[in-house]
Amino acid sequence: MKLQRKNRVRALAVGALAVSGALALTACGSDDTSGGGSAGAAKTSNIKCDGKGKLLASGSSAQKNAMDVWVQAYAGACKGTEINYQPTGSGAGVTTFLQGQTAFAGSDSALKPEEVAKSKKVCKGGQAIDMPMVGGPIAVGYNVPGVDNLVLDAPTLAKIFDAKITKWNDPAIKKLNPGAKLPDLKVQAFHRSDDSGTTDNFTKYLKGAAPGDWKHEPAKKWEGTGGQAASGSAGVSSQVKQTSGAISYFELSYATAGKIPTAKLNTGAKQPVDATVDNASKAISEAQQVGKGDDLALKLNYTSKAEGAYPITLVTYEIACDKGNKAETLPATKSFLTYAASKDGQAALKALGYAPLPTEIADKVRATVAKLS
């Protein structure tokens, strides 16, 4: 736990350095390309440029690869604006935003009521709102020699990540994979060390789909037993890539870029479900808006048994003030988020392993961005 606290402090420190400019990104985005993705396919002809100077933002590392593409495309069209997005993790991003240091934050979990209340000190005359921008599956990546087709279910995942299943040839895993040659190999479960919306969504799935096996409350901070910690989606995916017997959870583009195999889920549907963009879209389409007014917070269905619906999904929100945004950053914030939510911005996501927003949700986001003041 001491290591986890040190990592969280370090993540906050990185965020603070970012907003001071010490770790400023170039207009082409972060030099951390571990998640992969190219901006070459992003269309820029419809980008409307407003505002000048540097726009600071931070938060979710799950959307880093999407941000890299959007930032590069936007910078190519809007020469006078530099977008600096630091993937410090959802918790650190929200904290930095609530301290008034960034124009917007990225978070894989909607704001809590106490965070909305606190935001009123930063959003003069208004409050922070959640705007869905990036959707996609949380892949369960693994590194088990000789196994390239693995099926798991919620109870088994819960036991793996709570140190109740410690060997890959455990009877529960064998039952789900009768034809696989499972080795007598120690399970090396990795979780996020930083406060993470991906962790929050992953544990919501475990709690919702396997409440008898996952006794911990969902949270951005890891609450499971045992395991090893690494920082950010890039950190946990890197550990899986290099560690025999490893397993972890991270946004699909990290698995794609790292060529990391991902587990199929036995959800109760006729066939196990792959972690794909289209399968995640099927699950996200079942989401319900639970935010009020211009707050577009969604409630995801983590227990879907629909054919082809992959239930371990997340939606990353961009968090900004509905009213009271800083005058010097408001034009660029609206311009950039308008592009991200546009058809062109969303179309650039699928090749990266993200699920573009369903049309009805995207329309609401565009209307909400237009009203920011």
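In this predicted model, helix α11 (residues 330-341) and helix α13 (residues 359-371) pack at an angle of about 175 degrees, with a separation of 9 Å between their axes; because an angle over 145 degrees counts as roughly antiparallel, α11 and α13 are described as roughly antiparallel to each other. On the side of α11 the contact involves K334, L337, T338 and A341, which meet V365, R366, V369 and A370 of α13. Of the residues that form this contact between α11 and α13, five are nonpolar, one is polar and two are charged.

The crossing of α5 and α7 is left-handed, and the contact is made by A154, L157, A158 and F161 of α5 together with F202, Y205, L206 and A209 of α7. The residues of this contact between α5 and α7 comprise eight nonpolar, no polar and no charged. In an α-helix there are 3.6 residues a turn, so residues three or four places apart point the same way.

Helix α2 (residues 64-77) was examined for its length and its burial. At 1.5 Å a residue, the 14 residues of α2 should span 20 Å, and the end C-alpha atoms of the helix are 20 Å apart, which agrees. Eleven of these 14 residues are buried, so α2 is largely enclosed by the rest of the structure; the buried residues are K64, N65, A66, M67, D68, V69, W70, V71, A73, Y74 and A75.

Terms used. Residues are numbered from 1 along each chain as its sequence is written. This is a predicted model: local features need pLDDT of at least 70, side-chain atom pairs count only at pLDDT 80 or more; totals for chains, interfaces and linings use all residues. Side-chain values use heavy atoms; hydrogens and water are left out. A crossing is left-handed if the near helix is turned anticlockwise from the far one by less than a right angle, and right-handed if clockwise. Helices (H or I, at least four residues) and strands (E, at least two) are DSSP runs, numbered from the N terminus. Contact means heavy atoms within 4.5 Å. Ala, Val, Leu, Ile, Met, Phe, Trp, Tyr, Cys and Pro count as nonpolar, Asp, Glu, Lys and Arg as charged, and the others, Gly among them, as polar. The expected span of a helix is 1.5 Å times one less than its number of residues. Buried means under 20% relative accessible area, exposed over 50%, partly exposed in between (1.4 Å probe, protein chains only). Axes are lines fitted to C-alpha atoms, for helices over the stretch in contact, and angles run from 0 to 180 degrees between N-to-C directions. Angles under 35 degrees count as roughly parallel, over 145 as roughly antiparallel, 65 to 115 as roughly perpendicular and the rest as oblique.
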